[in-house]
Amino acid sequence: MTLGTKQVCNSTGSADYYVSTYYLGGVSAGTATAQVTFSSGSYGQMGVTDFTGTNTAAPLDTTATGYTASGATSISTSITTTYADSFLVDVMCPGSNGGTPTKNSSQTLEWANTNRYSGSSRQPTTTAGGYSMSWTWGTASEVGQSIIAIRELPAAAVSSIFAAIYGWF
């Protein structure tokens, strides 16, 4: 898998939490396995979203990251796509126990982890241009967000492989 984005979401001094996106194009139809190995003593969680109808030769359009150092109960990150009919996929994590994350109403929830207060969502695009993805949660903290734009995906066709990974690594 190829790293799409990596953004710190909590800097503790002794260990940093990161929120990252990875992608893999040209995957054949059928069952596939996404596996992540974390180093000893580290923590991580992973969510996987798969899509059909992507540009398998070059699935990545563009990426964006956002970060707020402290005191935030929301995040909104902008991204500018260069291709129409793409899908934006994000992953976010507040740096502390912030409560259940809530995505913007224009986004479709992929997963939310209420134990680690992180989440992932997707949003279709119809034209090239500027978009944003946003989240809210209950308790002020640091927060990081990573977005990846997957090329040429007709909005009706939700399934290359995308993995949203959050944790210490």
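Seven residues make up the largest nonpolar core of this predicted model: Ala 64, Ile 79, Leu 88, Tyr 131, Met 133, Ile 147 and Ala 149. Two elements each give two or more residues to this core, strand S4 (60-81) and strand S9 (129-150). S9 supplies the largest share, 4 residues. In soluble globular proteins, nonpolar side chains tend to be buried together.

Ile 147 is one of the core residues. Leaving aside neighbours within four places in sequence, Ile 147 contacts Ala 64, Ile 79, Leu 88 and Met 133, among others. Its partners also include Thr 5, Thr 62, Thr 63, Thr 77, Val 89 and Asp 90.

Gln 123 lies in strand S8 (residues 118-124). This side chain has a polar partner: a contact of 3.4 Å joins it to the side chain of Ser 106. Gln 123 counts as buried because its relative accessible area is 7%, under the 20% cut-off. Not counting residues up to four places away in sequence, Gln 123 touches Ser 86, Phe 87, Leu 88, Ser 106, Gln 107, Tyr 131, Ser 132 and Met 133. Among these, Leu 88, Tyr 131 and Met 133 belong to the core.

Over residues 164-169, pLDDT is below 50. Beyond near neighbours in sequence, this stretch has 42 contacts in the model. Where pLDDT is low, the predicted coordinates should not be read in detail.

Methods
Residues are numbered from 1 along each chain as its sequence is written. This is a predicted model: local features need pLDDT of at least 70, side-chain atom pairs count only at pLDDT 80 or more; totals for chains, interfaces and linings use all residues. Side-chain values use heavy atoms; hydrogens and water are left out. A nonpolar core is a set of buried Ala, Val, Leu, Ile, Met, Phe, Trp, Tyr and Cys residues joined through side-chain atoms within 4.5 Å. Buried means under 20% relative accessible area, exposed over 50%, partly exposed in between (1.4 Å probe, protein chains only). Contact means heavy atoms within 4.5 Å. A polar contact is a pair of N or O atoms within 3.5 Å; within protein, one must be able to donate a hydrogen and the other to accept it, and residues adjacent in sequence count only if both atoms are side-chain atoms. pLDDT is the predictor's confidence in each residue, from 0 to 100.
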